[in-house]
Amino acid sequence: MKRKFFIASALAAFFMVGTSCNSASKDQQKSNSSVQASVSGTEMSASAGTEVPAASIEAGKKLFNTKGCMACHQLDTRLIGPSLKEIAKAYNGDKKGLTEYLKGNAESKVDPAQKALMEPQLAITKAMQVKDLEAVVDYILSNK
Ligand code: HEC
């Protein structure tokens, strides 16, 4: 009787050790894969960060609002001018093309039939400093 009990508890102990070992190694596997996931996550955000600096987008958004552009351009609905999304889609990341347009050096491509309304506004963007104009361009293109 006593001996049976001993064997039973020894077996129980053996199983407990066995399962806890198992779960420990599973935990380790889990944490290994989450380390990998976060490493690749950092890589992704690092490469996105070099493409368009968030600070520039933020500065551009402020300028867009304070310079009165928002009066005619909404985020995703056409008002007097095309929406920011529509413009961002048409330019599709073409930073140089949009910069040239806002400097008054390129034809409009989103809605040329309405360009008479937009042309006077170019006086504002033409007068901007290079860095500010770049921020506005970054902001517009970020709305795709
Ligand atoms: C009075 C209304 C009005 C204001 C204010 C205005 N826009 Fe526009 N905008 C328009 C209209 C209308 C169009 C469509 C004509 C066109 O695409 O040429 C347009 C088009 C554009 C385009 C697309 C150009 C293209 O290639 O077709 C950009 C970029 C743009 N606006 C930026 C701005 C910025 C930046 C400001 C602020 C400095 C601004 N707009 C202020 C009316 C306005």
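First, the ground rules. Because the model is predicted, local features need pLDDT of at least 70 and side-chain atom pairs count only at pLDDT 80 or more, while totals for chains, interfaces and linings use all residues. Residues are numbered from 1 along each chain as its sequence is written, and side-chain values use heavy atoms, with hydrogens and water left out.

I start with the metal. The iron atom of the ligand is coordinated by His73 through NE2 and by Met118 through SD, at 2.0 to 2.1 Å. Histidine 73 sits in the loop between helix 2 (54–66) and helix 3 (84–91), and methionine 118 in helix 5 (residues 115–118), so the pair ties together parts 45 residues apart in sequence. Helices here are DSSP runs of H or I with at least four residues, numbered from the N terminus. A donor is an N, O or S atom within 2.8 Å of the metal (3.2 Å for Na, K and Ca), and as water is not among the atoms, sites may look incomplete.

What is the geometry of the site of the iron atom? The site is octahedral, with angles of 88 to 178° among its 6 donor atoms. For six donors, that label requires opposite donors over 155 degrees apart and all others between 65 and 115. The ideal angles for six octahedral donors are 90 or 180 degrees.

Buried means under 20% relative accessible area, exposed over 50%, and partly exposed in between, using a 1.4 Å probe and protein chains only.

Next, the salt bridges. The whole structure has 7 of them, each a side-chain nitrogen of Lys or Arg within 4 Å of a carboxyl oxygen of Asp or Glu. One of them joins arginine 78 and aspartate 111, at 3.2 Å from N to O. Arginine 78 is in the loop between helix 2 and helix 3, and aspartate 111 is in the loop between helix 4 (95–102) and helix 5, so this pair links parts 33 residues apart in sequence. Both are partly exposed, arginine 78 at 42% and aspartate 111 at 21%.

Another salt bridge runs between glutamate 107 and lysine 115, with the closest N and O atoms 3.2 Å apart. Glutamate 107 is exposed, at 60%, whereas lysine 115 is partly exposed, at 30%. Through shared partners, salt bridges also join Arg78, Glu86 and Asp111 into one network.

Last, the pockets. A pocket is an open set of points on a 1 Å grid over the protein atoms alone, where a 1.4 Å probe fits, with protein on both sides within 12 Å along at least five of seven lines; lining residues have an atom within 4 Å of a point. The largest pocket has a volume of about 490 Å³, volume being the space filled by probe spheres set on the points. Of its 29 lining residues, the closest to the centre are His73, Pro82, Ile87, Tyr101 and Met118.

The second largest pocket has a volume of about 160 Å³. Its lining includes Lys103, Met128 and Glu134, and helix 7 gives the largest share, 4 residues.

Definitions and conventions. Tetrahedral: all angles 85-135°; square planar, octahedral: opposite > 155°, others 65-115°. Helix = DSSP H or I, 4+ residues; strand = E, 2+ residues; numbered from the N terminus.
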